[in-house]
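Then follow the stops below.

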Amino acid sequence: MILGTLVNVAAVLAGGTIGLLVHTRLPARFTKIVFQGIGLFTMFLGVSLALRTSNYLVMIFSLVIGSILGEMMQLDLHLDRLGDRLKKLSGGTSSRFSEGFITAFLLFCMGSMTVLGAFEEGLGGRPNLLFAKSLLDGVSSIAMAAALGAGVLFSVIPLLFYQGGLTLLAVYLGNLFSEMVINELTSVGGILLIGLGINILEISKLKILNMIPSLVVAVILAYFFL
């Protein structure tokens with residue numbers, strides 16, 4: 001039922017492990033330049049996804065309402081605490097643990113391949129999209145783990161629940177998600193990735209975690225108004 005997601009998780013774990021082994025042998029200046037490259041790629045990916053929107057009002061209202069909800073729930077505080085607990089459990093010492101955990105999760109889960117691939121498998125098809133995504137994520141996790149550390153490996157936990165949950169959701173509610181709804185979800189995710197790239201490059205410090213409810217709001221608004 002969630003074979004594609006399980007393969008995806010395995011690919012990230014394998015790639016992340018390779019990245020950690022490489023990380024111990026990389027001079028600091030190489031780690032820094034890899035980190036900057038990830039930031040630039042994240043912004044590029046965010047822009048390409050954000051342009052899929054067909055209605056800017058849905059996008060802006062999703063971001064505004066979702067950000068207010070996330071700020072009320074203080075998602076950044078709770079997820080930072082979760083990251084700290086996972087770091088202690090893993091014996092990690094990297095100051096970038098939480099950043100790696102969050103960055104990897106958002107990169108692996110915000111693309112349209114995640115939603116479309118999960119729905120492809122949930123609606124009874126072969127998970128070809130998720131297999132292709134697994135290859136891309138596995139390669140990406142090598143670079144991310146080399147720059148950000150063990151937090152990248154632990155990103156498979158929310159990846160499993162989010163992507164696997166979408167697959168199971170598609171089994172029962174797949175017909176409710178039109179291409180337009182998926183595009184709006186993807187475009188709002190793209191905006192979050194742009195903000196994440198800004199954080200990675202240390203241009204500013206945006207509360208991206210508190211904007212995550214915008215994804216749910218985007219689905220609701222797109223379903224009822226588009």
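Is Tyr-162 buried, partly exposed or exposed? Select Tyr-162: this residue is partly exposed, with a relative accessible area of 23%. Keep in mind throughout that this is a predicted model.

**Stop 1: aromatic pairs**

Two aromatic pairs are counted here. Phe-105 counts as buried because its relative accessibility is 16%, and the cut-off for buried is under 20%.

Now jump to Tyr-223 and Phe-224. Their ring centres are 5.1 Å apart and their planes stand at 85°, so this pair is edge-to-face too. Tyr-223 is partly exposed at 41% relative accessible area. Phe-224 is exposed, at 58%.

**Stop 2: salt bridges**

How many salt bridges does the structure hold? There are two.

Select Lys-207 and Glu-71. Their side chains meet in a salt bridge, at 3.3 Å from N to O. Here again distant parts of the chain are linked: Lys-207 lies in the loop between α10 (179-200) and α11 (213-225), Glu-71 in helix α3 (residues 56-73), 136 residues apart. Lys-207 is partly exposed, with 44% relative accessibility. Glu-71 is partly exposed as well, with 38%.

Next, select Lys-133 and Asp-137. The closest N and O atoms of this salt bridge are 2.6 Å apart. Lys-133 and Asp-137 are four residues apart in helix α7, so about one helical turn separates them. In an α-helix, residues three or four places apart point the same way, because there are 3.6 residues a turn. Lys-133 is buried, at 4% relative accessible area. Asp-137 is buried too, at 8%.

**Stop 3: along α7**

Stay on this helix and select residues 128-148. Helix α7 has 21 residues and reaches 29 Å from first C-alpha to last, close to the 30 Å expected. Its buried residues include Leu-130, Ser-134, Gly-138, Ser-141 and Met-144. Step just past the end of α7 to Gly-149, which takes a positive phi of about 90°.

**Stop 4: helix α2**

Finally, select residues 28-50. The 23 residues of helix α2 should span 33 Å at 1.5 Å a residue, and the end C-alpha atoms are 33 Å apart, which agrees. Which residues of α2 are buried? Color Thr-31, Phe-35, Ile-38, Gly-39, Thr-42, Gly-46, Leu-49 and Ala-50.

Notes: Residues numbered from 1 in each chain as written. Predicted model: local features only at pLDDT ≥ 70, side-chain atom pairs only at ≥ 80, totals over all residues. Heavy atoms only, no water. Helix = DSSP H or I, 4+ residues; strand = E, 2+ residues; numbered from the N terminus. Expected span 1.5 Å × (residues − 1). Buried < 20%, exposed > 50% of the residue type's maximum accessible area, 1.4 Å probe, protein only. Phe/Tyr/Trp six-rings, centres within 6.5 Å; stacked < 30°, edge-to-face > 60°. Salt bridge = Lys/Arg side-chain N within 4 Å of Asp/Glu carboxyl O.
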